[in-house]
Amino acid sequence: MSGFSMVEALNRALADELAEDDKVLVFGQDVAALGGVFRVTEGLHDRFGDRVFDTPLAESAIVGTAIGMAMYGYRPVVEMQFDGFSYPAFEQIVSHVAKMRNRSRGHISLPMVIRIPFGGGIGSVEHHSESPETYFAHTAGLTVVSPAAADDAYSLLRSSIRSDDPVVFLEPKSRYWHRHEGTLPVTTLNIGVAQVRRPGTTATLIGYGPTVEVCLAAAVAGSDEGWDLEVIDLRSLSPLDTSTLISSVEKTGRAIVVHEAGSFLGMGAEIASQLTEKAFYSLQAPVLRVTGFDIPYPSAQLEAYHLPGVDRVLDAVARSLSY
Amino acid sequence: MVDNPIETNSPGSGTRIDPGIVRCLPDQTRPTSRLLEHKLTSDELLHLYQRMVEIRRFDELAMSLQRQGQLGVWASCLGQEAAQIGSAYALADQDWVFPSYRETAVGLMRGITPGDLLHQYRGTWLGGYDPYKHRFAMNSIPIATHALHATGLAMAAKRAGDNLVSVAYIGDGATSEGDAHEAMNFAAVFAAPVVFFVQNNHWAISVPLSAQTASPTLADRAPALGFRGMMVDGNDVAAVHRVMSDALEHARGGHGPVLVEAITYRIESHTTADDHTRYRTAAEVEEWRERDPIARLEHHLDSLGMLTDDIRRSTREAADAKASAARIEILQLSAGDPTELFQHVYHGERPLLQEQREMLRAELRAWEEM
Ligand SMILES: Cc1ncc(C[n+]2csc(CCOP(=O)(O)OP(=O)(O)O)c2C)c(N)n1
Ligand SMILES: [Mg+2]
């Protein structure tokens, strides 16, 4: 098979960082012998020994002990097995990971990465398909990123590990196995910069993680309607690259934000608000959102109704154009 | 020689109960030094045998339905039938169960139909049965979190003057979570009628017990918190029943919680999404297969002359018939009308959800017309 999948890219990024910096540690549940339930850490324990280790089953302890290690000069990269299982660590993330630099008046940096497989679309059982990004992006002190493509996953994870700020790294599990043509290593954009994945003039579709692919597919389908849709991959949810969004809207006059998380207080709400404040005179229609419903994530057979798909994005484009 | 482990300690003394691991049925794979008396009649033993065979058959059905794509995933309880069925059989109707995702046998013992129990795995809904009717709470995938619910319900029942025990089923891995510790501590401090039934099946996905705790036993957790801990051979249905009965009696009597560590083994992979050959040896699995809980009971019944060929056959046939019926019930499960997604989120209606429901309705109509 040519190219590489996102899982392979993440694995390679971890391996390269472990090889280059002996302060990097990788730990979590089932990351050593098993190589992680998604195999992102496969082979790393064999290669790097006890710098890649399994912990007892306790997320708060995983993140809490990573804080202590980061204070002591290590660069822990910890894995939460699934989005829904990051919640026991919420206290550590919000009360300590996010606030340590500020509370210590800059004396303490926490160069740590919390990797979280996130999002739905894989037909899983409860608590395995959550979109918790707003909780983290809303919290001052956290950097929150999410790659949409395998090459970017590699580069973004390496930048995250090298960041002196703590990073919540959201891995779109529905994209884990998609392959990317090319070779590793590769360097993409920095944290904090959004990427125009497809230039266009009719309207701007804004996605991140799992929904970038939905936006790209909608752009292809939209060309049948004579629409030339621009697609922006946020990559970084906090910080948010508003200037790229504003430039795009100055060109297209219309924006549609697409995410799996519910609409209420989601990333779309923030983007709509910023564009309204900062690009009001460029807008020819309200910023629209295509999102998951504002309900608990549904069972596997119903998730297709819940998730934002191409048709809903195209409907939103039509609505935007009707203003 | 019969000793009642529970009575050898005064209430609240918080000692782990010796004699070590309680066993009642001879173990054909190793010499057993001391067997305690169990509390089951021959008819009951036979009944438990039938249920174990039937539920194993059900587990095999679920495994094959998963392979056929009819279930999204399956978490087998194969090998843990004695632990689950022996403990469930000791419960009184009014007692509550707080299960994890692996307590299939307990759920069936509580009278939940296979279909109602499997919505989650079939992907049709997140739940289905009425937890109040069966006193079987929603299963909890977030590890150990439900142990707190069990404790809270027991605190409430005690406050209300109701005579019931609440049982939290957790795994060996789960004991590492803060919530497990907190649940046990609350239960002990409030002398709540809770039994923490810990199925120590030796693995938490790929993490062995030895990497989970430095303590020689999980039962030792209890005396540190001031309450009773007991160990039982979890592949010995009669011993599990006995220890669980004692634990329930202790809790019911107002003496506070009990931790029961049932030592057993997860024969299958963690779930059908897992591959256990990546982290454990075939020899280890084989060793535990030889300690199969059903074979153990069969052996005993045989030695009593109770297991005729007729009974074996009729047990097998009854299990097959139930499995066929279960198969039909499971395949008929339906997710129903997708607009139900917007129900049950809040007690009342919310404009935002009404709006989203109308949008989905319009889409469904449009699709129908296409
Ligand atoms: C809070 C939380 N973290 C992680 C997981 C992922 N996970 C599911 S089962 C499991 C292992 C549980 O082991 P144990 O408690 O021994 O129960 P068993 O599966 O052996 O019955 C893990 C880590 C989870 N479900 N919940
Ligand atoms: Mg276990």
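Q: Where is B:His344 found?
A: B:His344 sits in the loop of chain B between helix H12 (309-331) and helix H13 (351-369). Helices (H or I, at least four residues) and strands (E, at least two) are DSSP runs, numbered from the N terminus.

Q: What kind of model is this, and how are things numbered?
A: This is a predicted model, in which local features need pLDDT of at least 70, side-chain atom pairs count only at pLDDT 80 or more, and totals for chains, interfaces and linings use all residues. Residues are numbered from 1 along each chain as its sequence is written, chains are lettered from A and ligands numbered from 1 in the order in which they are written, and side-chain values use heavy atoms, with hydrogens and water left out.

Q: Back to B:His344. Buried or exposed?
A: B:His344 counts as exposed, because its relative accessibility is 54%. The cut-offs are under 20% relative accessible area for buried and over 50% for exposed, with partly exposed in between (1.4 Å probe, protein chains only).

Q: What about the phi of B:His344?
A: Phi of B:His344 is positive, about 65 degrees, although the residue is not a glycine. In chain A, A:Leu265 also has a positive phi, near 60 degrees, and is not a glycine either. A:Leu265 is in the loop between strand S13 (255-262) and helix H10 (267-278) of chain A, and at 60% relative accessibility A:Leu265 is exposed.

Q: Which peptide bonds in chain A are cis?
A: The bond from A:Leu184 to A:Pro185 is cis, with omega near 0 degrees. A:Ser238 and A:Pro239 are also joined by a cis bond, with omega about 5 degrees. A:Pro239 lies in the loop between strand S12 (236-238) and helix H9 (242-252) of chain A.

Q: New topic. Where does ligand 1 lie?
A: Ligand 1 lies between chains A and B. There are 20 residues around ligand 1, and those that come nearest are A:Glu59, B:Tyr101, B:Arg102, B:Ile141 and B:Gly173. A residue is near a molecule if one of its heavy atoms lies within 4 Å of it.

Q: What classes of residue make up the shell around ligand 1?
A: The shell has 10 nonpolar, 6 polar and 4 charged residues. Here Ala, Val, Leu, Ile, Met, Phe, Trp, Tyr, Cys and Pro count as nonpolar, Asp, Glu, Lys and Arg as charged, and the others, Gly among them, as polar.

Q: Which atoms of B:Ile141 and B:Ala174 face ligand 1?
A: For B:Ile141, a polar backbone atom is 2.8 Å from a nitrogen atom of ligand 1. For B:Ala174, a backbone N or O atom is 2.9 Å from an oxygen atom of ligand 1. The protein covers 96% of the 580 Å² of accessible area that ligand 1 has on its own. Such areas come from the Shrake-Rupley method with a 1.4 Å probe; for residues, only the protein chains shown count as cover.

Q: Which protein donors does the magnesium ion (ligand 2) have?
A: They are B:Asp172 (OD), B:Asn201 (OD1) and B:Trp203 (O), at 2.1 to 2.2 Å from the ion. Donors are N, O and S atoms within 2.8 Å of the metal (3.2 Å for Na, K and Ca); water is not among the atoms, so sites may look incomplete.

Q: Are B:Asn201 and B:Trp203 buried or exposed?
A: B:Asn201 is buried because its relative accessible area is 5%. B:Trp203 is buried too, at 8%.

Q: What does the side chain of B:Asp292 contact?
A: The side chain of B:Asp292 makes a polar contact with the side chain of B:Arg56 at 2.8 Å. A polar contact is a pair of N or O atoms within 3.5 Å; within protein, one must be able to donate a hydrogen and the other to accept it, and residues adjacent in sequence count only if both atoms are side-chain atoms. B:Asp292 lies in the loop between helix H10 (282-289) and helix H11 (293-303) of chain B, and is buried at 13% relative accessible area.

Q: Why is helix H2 of chain B called largely enclosed?
A: Helix H2 (residues 81-90) of chain B has 9 of its 10 residues buried, so the rest of the structure largely encloses it. Among the buried ones are B:Glu81, B:Gln84 and B:Ile85.

Q: Last one: which domains does chain B have?
A: Chain B has domain 1 (6-331) and domain 2 (338-369), with bounds from an automatic or database domain assignment. Their C-alpha centres lie 40 Å apart.
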